[in-house]
Every structure is written in C-alpha cells, then in structure tokens.
Amino acid sequence: MLLQRLALCSRTSVDLQRHVCQLRTRPLTQVAQRKAHGSSFAHRSELRHAKRIVVKLGSAVVTRGDECGLALGRLASIVEQVAMLQNQGREMMIVTSGAVAFGKQRLRHEILLSQSVRQALHSGHNQLKDMSLPVLEARACAAAGQSGLMALYEAMFTQYSTCTAQVLVTNLDFHDDDKRQNLNSTLQELLRMNIVPIINTNDAVVPPPEPNSDLQGVISIKDNDSLAARLAVEMKADLLVALSDVEGLYNSPPGTDDAKLIDIFYPGDQQSITYGTKSRVGIGGMEAKVKAALWALQGGTSVVIANGTNPKVTGHVITDIVEGKKVGTFFSEIKPAGPTVEQQTEMARNSGRTLASLPPEQRSEIICQLAELLTERKEEILAANKLDMDLAVNTGHMPQAMLKRLSLSPSKLNSLAIGLRQIAVAAQDSVGRVLRRTRVAHNLELEQITVPIGVLLVIFEARPDCLPQVSALAIASGNALLLKGGKEAANTNRVLHQLTQEALSMHGVTEAVQLVSTREEVEDLCRLDKIIDLIIPRGSSQLVRDIQRAAKGIPVMGHSEGICHVYLDADASIDKVIKIVRDSKCDYPAACNAMETLLIHRDILRTPLFDQIIDMLRTERVKIHAGPRFASYLTFSPSEAKSLRTEYGDLECCMEVVDSMQEAVDHIHKYGSSHTDVIVTENEDTAEQFLQQLDSACVFWNASSRFADGYRFGLGAEVGISTARIHARGPVGLEGLLTTKWVLRGDGHTAADFSEHGTMKYLHESLPVGQPLAGQRDSN
C-alpha cells in the first residue's frame, strides 16, 4: 500500500524532473552572510544567521513505535520545515536513519506473503497455520529499504517544489582523501543547484563499528550521530540540528527525580553528566550524541540536540531552533560569566523562602533601607539614567511618551522613596495574617493564613521606576522576584538592582531579587512553568498580549488594553465635566488609565457645555475621532473612528453619543476593556445604577480615570492593573501578591473519629481572627 502511494506521488519521472528540479536563483539577502567558519555561534539568538544547516534525524524520530515502518506524519512535518528553510535561501542537508526499519517492514511483508502462498499450495487449502518470522539481518533490511525511503523523501519534497538527491557513504569516504574530496565536491554541487542532499550510511555494506576507533582527533562513522558531525565539519556547516526522542541533554537520565534539562552545554561540563540507556532503536545513545556534538563544535559548527518526536513541537521544532528559541540543548564554547536564568530563578526561590520567614519588622527594614538608598545615591542613579536617555535620544526611534517614562529626576526618586515607605508600613501585617479561624472539633482547630505566591516574573519596558516599586512589593509580600527590564533602561536598571540587593543583604537575602541580564527572549522566559508561579507584564498593550500568548501554564496578571470611558450624563456639572475630561485625557495620555472614549448624553449636544468641551480639547490639542452616531449629528464632523475599541495612548480620543445611562453601560460592555470607566453626573440614582451595573475593575463617579493607580489608592505602589476576573483586580498592590494556605492543628485526630461509628462530632465554630491559638486549647 505504501509503495502504491509513493508511485502515485511520484507520477512520471519526466513530470517530476520538470516540476521539482527547476533551478531557482535564491534571494541570498534573506539570510545574513555566513560567518567565517572556524568559530561556532556563541548565543542562540545568532542561530537565525545560519546559512548552511545539517538536520540529523535519529532512528527514534523516523521510525514508528513498533520499529517496523516509518512515522509518516512526523516525517512530513520535518520535511515541510526543511523545505521552508531551503526556500528562505538556506542550504539544507539531511542525515537520515530509517532504511533498516523501512526494509524490515517490506521484508516481513514479503516473507509472510511467501509463507502463506507455499503453505496454501502444500496443504491444498487456505487455512494458515502458525508462521514464525526469521530474524532479519540489518544489512539485508537496509538494502531492501533504501530505495523506498528515498522514494518517500522524494515524494514529500515534491509537494514543496524541492529537489532531493540520495548520497550513501561509508567510513572510507571520509578517511580516503580522494573519496572525501569527491564527496565534498558532489555535495557542494548539489547545494549550488538548490538540491537537498539526503545522506545515510550505506548500511547494506558497512562493517560493524569498531570500539575506540577515533584516531588523531578524527571521528569515525559509527552511527548517524558521528556521520552528521563529520559531515557538518567537512561541509563547513553553520548549524547541526540533531533530533532524537528526548527533549535534549539532561544532567542525569531522563525520568529520574533529579533530572534537569540542560539549556546550554559547555565542553567543560562533561563530568557533570550521568548518561542513561540508549533509545529503543538505533546504535547511538545520548553519550554518542554528546561526543559527536562536541566534535562538531570544536570544528566550528554550532549544535542543538532536541526532541523530534513530541507531537506538540515536531511541526515547528527545526524552525524554532533556527529562530533562536529556547528548544533542546544548545552547545556553546563560550560560557557566560553569570548564572543562567534557570539558576537565577532557583537562587531567587531559595532566598525568597528565607525572606518569607523573616519577621515582618525585618522585611520593613529592608524596604526602608532601599528608600534611603534611592535618595542617598540619587547622583549615581541619575548618571546611569542619563546614559540611557542620551542613547535613546541619539537613536531617534523612541516615541516621546516612552522617553518620558524612561526619564528619572530627583523629584521622581523622592516620590518613589515616599511610596516605598508606605509599603514598609503595610509589610508589618502582610505575610502570615490569619484570615479565618475555625474550631472544627474538640482540640482540632483550623486557620487560613496569607502566604507569598512564590516566584514572580515581572517584565517591564522603558520604565526604570518600576524596578524599586515592584522589588519593594515583592519584599513586603515575601515573594522571590525575577526582573526582565527593557534594554532601553539597561544602565539605570543595573544600578537600581544593585541598590536593591544592597538593601536585601542587611538580612542575608541578597538573592531574593534577580535581574535577568542575559539574552533571554521574553517568550523563552514564559516557558519556565515549573519554576515561575506568576508573570506580571508592565508595558504596552502589545507586550501584554504577546506575553499572554506565550505563557504556557503560568498565570499572567495584567490587562492587554486600557480602553477607558468617561460618560457625561445629562445631569452633569459643567465645572466637573471640564476638569475630569481634561485630567482623564491630557494629564498623561500614554497611561493605561487615560480616557480613550468620551460618551456624551444626547441632551448635551448643541449646548454651551458641549461647546466648552470641544474648545477645551482643541486647546489641549486633542485629536477627536467621531463615532458613527456622533458623526451623523454633524455637518462637518472630525475624522470618523476606525474602531470604537481603540487605545490611542496619545492626545487622541473617540467621541460618541448615547441616549441614556443604560446605553452608555451597554456601549462600555461591548467596546471597553474592563479597566476603568467614569460617570459624571449630579444624579445620585443614575450614578449608583452605573456603579452597580458596570463590571469593570475600577468604576468612578465624578472623579478622573487617572485615579486608577496604586499610589493614589494608598497602596504605596502597584505591580500593575489587572482586569482578570479571579484573584487580584484593579490596581494590584501588596494584597494582590499574596495567596493563602490552610493550617490544621490537631491532637492525633483521624477521619475515622468522625465516621458513623466514631466518637467525635464536628463543631465548626468560628473563632475570633485575632484570638491566638497557642495555649488556647481546651485542656479537658
């Protein structure tokens, strides 16, 4: 059946050659110039510049679970990725296993068919008796499977107008100078003609591998791992992608309790690895892969070992690697001076647990010390900030609103210090506060207490003032903190983080707050679901949306949009309207709590109040976009709004007309983002209905939307504003960084004591929260 499908896919050889082997001139500008060979890429992010790539497909990747036949769906997705990279202008080569498995399937079928025919002829009827299969010799299987394997590859690549060529090699082709030169010349010519070479050892004739046969630094071809490494170096490839049935290299055998995936492996780390057993198929194993990878790395080729069998990632594993994403294990010759982000997270978690166990007074002392350092060392902070500002101005690409956020001043630092001292006061009764206390039964008492969430990852853009604010909140709530700041504020962030660690050191918890300064992509950080408990993005709506999409298994606290409305009711006060609308829109247009849509009751149109609103907005240079109903009332209307769900983030706003308060609520529910919405009216009944019906995180009456802020709420500072429906909502301060746990204190109690035949009964008596449990138990 499979051979019939291949025949259909192949059609006639004339059509195939005309359709597939058309030589195309590839746009080499799509891929950066190749690096000078001899040195591998130092960082994952540089892999996107790889031009010549070898993809090694292990036996476990190519074959099915029964080891008889090929995993066609998996192979098809790999072929699609290779073809896509080839069409980008890269030079792709495949080193493949699978001939033995394909041949085994074919020979088994032939043997069973032959046995059944002979038995039928001998017995005179079709009743089949027990038929046993002989042990199939690997070389014979390879000989029978090579043609079918190649036909399969050819048929699959045909779908992407990509031509392939088969190259079978043995050890002699590398050890004999003439043969090695011929092989090199053949492969170079195939790559020049935009053909994907598919290379395999000629298993039909190759002798068994000899142990310890590597001589004078030249790796022998014992398996496809060593073949891929030798080929990559010989062809001066930029990248070798070795796909196997494990996620990458672990420090101990995968599946053991302490096994951890190694993100980046350095040649000097070999002694720290404990290897497990080989895979179910193939003759290599992880030890062979590591040896081959290190040999290729020494020859100037970068290497990544990754999983090619996981159905969740197989469809994009190769392209993800080439894009520099954190997939598998990356082999690098350059070891960074500092710890990896995983190590930083572990350090933060361990130190964070100590931080949470400190007395509240000591956590407050740390925060007060940080507040003092912000003012005492302001010259150092402002000097670093000036470097960032000068760099931003010189590049000329940063919007004015972002420059304003990036800039620090003495007054801004003083305000930060004041906010931190407020947090220090709140820290006195945050962690370990009893929320509920119940006497479940005699001498069995239960309490619910506040505890830290764990490890927080806060990602923020060009806003260095965020660092001390978030650090203080994390310290007050006993949470470990991982900070990823925008590169625009790198110098300022570094100084502020040093001051934070200096304050933490006074009670021995220096490592509880970590600043990620490696080249870690935000998307890679969002995948650390086993060591990060909560992600808090601080920045543009696009940043928040990107993080919400990238986070897999980690809750994200925040809001993707700040589409805030101000509704002017028919009973609104003229003075309050002008003040509130001006402040909501013009005080800080880039803020997430700035007004984006102004809803006006129909009765206000063509009144002196309406004229004053328009005049004020013109004076403040606010560009107005008319909603469809508002536009219909005007002969010459402003530009019509492209969407009623737009966050302008600038001196622009949408203006729309509604007939009633209820219509305003309906409009906000439809087009708003559940952030902050305001009603301006003197009618108390109307206001109360608005406050009750609207389900936004913040709902205000006769107050500017700009009040949606942790500092203005008296929280001292905030980590952000959340529009989520669970946990914290609105401006998130100290309380939003806490969760709870239940503590039960008994005296040898068991569930059986309360069964039908037990001797105890439930009481479920509520106890005063402030009543201490120690020494409070009934002594009877």
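Is Glu323 buried, partly exposed or exposed, and what is its relative accessibility? Glu323 counts as partly exposed because its relative accessibility is 41%, where buried means under 20% relative accessible area, exposed over 50%, and partly exposed in between (1.4 Å probe, protein chains only).

The structure is a predicted model, in which local features need pLDDT of at least 70 and side-chain atom pairs count only at pLDDT 80 or more, while totals for chains, interfaces and linings use all residues. Residues are numbered from 1 along each chain as its sequence is written, and side-chain values use heavy atoms, with hydrogens and water left out.

## Overall composition

The secondary structure of the chain comes to 25 helices and 24 strands; helices (H or I, at least four residues) and strands (E, at least two) are DSSP runs numbered from the N terminus. Of the 780 residues, 51% count as buried. Among contacts with a separation of 6 or more, 75% involve residues 24 or more positions apart, a contact being heavy atoms within 4.5 Å.

## Salt bridges

Side chains of opposite charge can pair when their charged atoms come close. A salt bridge is counted when a side-chain nitrogen of Lys or Arg lies within 4 Å of a carboxyl oxygen of Asp or Glu, and the structure holds 33 salt bridges. The table lists examples.

| Residue pair | N to O distance |
|---|---|
| Glu323 and Lys325 | 3.5 Å |
| Glu380 and Arg377 | 2.9 Å |
| Arg602 and Asp659 | 3.5 Å |

In the pair of Glu380 and Arg377, Glu380 is partly exposed because its relative accessibility is 34%, and Arg377 is partly exposed with a relative accessible area of 27%. The salt bridge between Arg602 and Asp659 links distant parts of the chain, 57 residues apart. Arg602 lies in the loop between β16 (595-601) and α22 (608-619), and Asp659 in the loop between β18 (652-658) and α24 (661-671). Arg602 counts as partly exposed at 39% relative accessibility, as does Asp659 at 28%. Elsewhere, salt bridges that share partners join Arg44, Asp263, Lys326 and Glu342 into one network.

## A parallel sheet and its helices

An open sheet of 4 strands has the order β13-β12-β11-β14, with parallel pairing; two strands pair if DSSP finds at least two bridges between them. The edge strands, β13 (513-515) and β14 (534-538), each pair on one side only. Neighbouring strands are turned by 20° against each other on average, direction ignored. Strand β11 (residues 455-460) runs parallel to β14 and is joined to β14 by 5 bridges, with Leu457 standing opposite Ile535 in β14.

Helix α12 (residues 341-357) packs on this sheet and touches β11, β12 (480-485) and β13, its direction making about 145° with that of β12. Helix α18 (residues 490-504) also packs on the sheet, touching β11, β12 and β13, and its direction makes about 160° with that of β13. Axes are lines fitted to C-alpha atoms, for helices over the stretch in contact, and angles run from 0 to 180 degrees between N-to-C directions.

## Packing of α17 and α18

Helix α17 (residues 466-477) packs with α18 at an angle of about 25°, with their axes 10 Å apart. That makes α17 roughly parallel to α18, a label given to angles under 35 degrees. The crossing of α17 past α18 is right-handed, which means that the near helix is turned clockwise from the far one by less than a right angle.

Conventions:
Angles under 35 degrees count as roughly parallel, over 145 as roughly antiparallel, 65 to 115 as roughly perpendicular and the rest as oblique.
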